[in-house]
Amino acid sequence: MDVDGDGYKHEENSPEYDAQYEERDGSDPAAHGSEPVATTALSPPVQDSSAQTPAPVPEPKPESPYSPNYKPIYMLSGHSRSISSVKFSPDGKTLASCAADKTIKLWDADTGDIIHTFEGHTEGISDIAWSNNGDFLASASDDKTVRLWNMDTFEVVKVLQGHTNFVFCVNFSPTSTMLASGGFDETVRVWDVARGKTLKTLPAHSDPVTAVSFNHDGTLIGSCAMDGLIRIWDTESGQCLKTLADDDNPICSHIKFTPNSRFILASTQDSTIRLWNTQTSKCVKTYTGHTNRTYCIFADFAPGRKHIVSGSEDMKVYFWDLQTREIVQVLDGHRDVVIAVASHPTRRLIASAAMEKDLTIRLWADEPVEHA
């Protein structure tokens, strides 16, 4: 199974590149710089180099090019019930949010001003997703529908009906011609966006589906559920190609493909975020330190893709170094569970949103600290 995509360039500092070195911690020879080198049968004797020009010692490659130093810049208020999801538009100019108050709000990402409020769902909204061209927004609701909203007219253009219980998650395909949704009926539905009709219904899980995601070229769909399983589906045939599962099967809250689809970032309700290799079906990294045992909390790659960012039930936002797995920053300020986070597509900007006792969205901008 090819999940890598033709022509994808593996950048040295990308998550996909770094994750191939999951066991590298503490074993990088360059990290030991000036320590003496032991003579072995495979290495020449160490000679007195006092009369020789010493060979240049390669400088250790830093694990990350910068240390995150996010600071609050805006606090957005407007929702009257618990916020469930925040997503930046593909061009980064707009932030969308949805909540249990049955509304979707659009915010100016530069000024924090409210742009528009969408109304139409008859129950709370659990998730939203932008089409890749930014022309449409999809919303998943407890009223058992997915709605498509036109971003030019702010009108609803399609109401997708078919789920038999709450719709919990939604995502567009890369071409925006298809939509995947999942919910409490334990199915994943694949929709034809233009016709507003179901293309496939996948009997995906044995518990509510908590997240759906297309890979980089739309040939695969990933899903996860409260049954603790992550499943990878062939979009064309609807066949399940692979199942990823931890031994303890903690509830899986959220998944996200890396850009070349070789890895999946998964949040689970054992207060752990895992990075799975989709080719070997192995978990290659784990990130811990936050609290997540009750709610479906989002995780994302922070801007620059060198860090992981997630909300937490202790009312904080956590950043981990992707490679070392160390916590590198914790953001305080929210007054309830931070359920949702989103990374800006081009700038070092983070959005976070909290639940009922807070009801705010906060925007955080990075002010990197230069190290000598």
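Because the model is predicted, local features are reported only at pLDDT of at least 70 and side-chain atom pairs only at pLDDT 80 or more, whereas totals for chains, interfaces and linings use all residues. Residues are numbered from 1 along each chain as its sequence is written, and side-chain values use heavy atoms, with hydrogens and water left out.

The secondary structure comes to 1 helix and 28 strands; helices (H or I, at least four residues) and strands (E, at least two) are DSSP runs, numbered from the N terminus. Of the 372 residues, 53% count as buried, a term that denotes under 20% relative accessible area, with exposed meaning over 50% and partly exposed in between (1.4 Å probe, protein chains only). The protein exposes about 16,800 Å², of which carbon and sulfur atoms supply 48%; accessible areas come from the Shrake-Rupley method with a 1.4 Å probe, and for residues only the protein chains shown count as cover. Among contacts (heavy atoms within 4.5 Å) between residues at least 6 apart in sequence, 47% join residues at least 24 apart.

Two strands are said to pair if DSSP finds at least two bridges between them. Strand 1 (residues 70-77) is joined to strand 28 by 7 bridges and runs antiparallel to it, with Leu 76 opposite Ile 361. Strand 27 (residues 349-354) also pairs with strand 28 in the antiparallel sense, over 5 bridges, and Leu 349 has Ala 365 as its bridge partner. Strands 27 and 28 form a hairpin with 5 residues between them, and Leu 359 in the turn has a positive phi of about 65°.

An open sheet of 4 strands has the order 22-23-24-25, with antiparallel pairing. Its edge strands, each pairing on one side only, are strand 22 (299-301) and strand 25 (327-331). Strand 22 pairs with strand 23 (residues 307-310) over 3 bridges, and Ile 308 in strand 23 is the bridge partner of Phe 301. Gln 323 lies in the loop between strand 24 (317-321) and strand 25, and is buried, with a relative accessible area of 1%.
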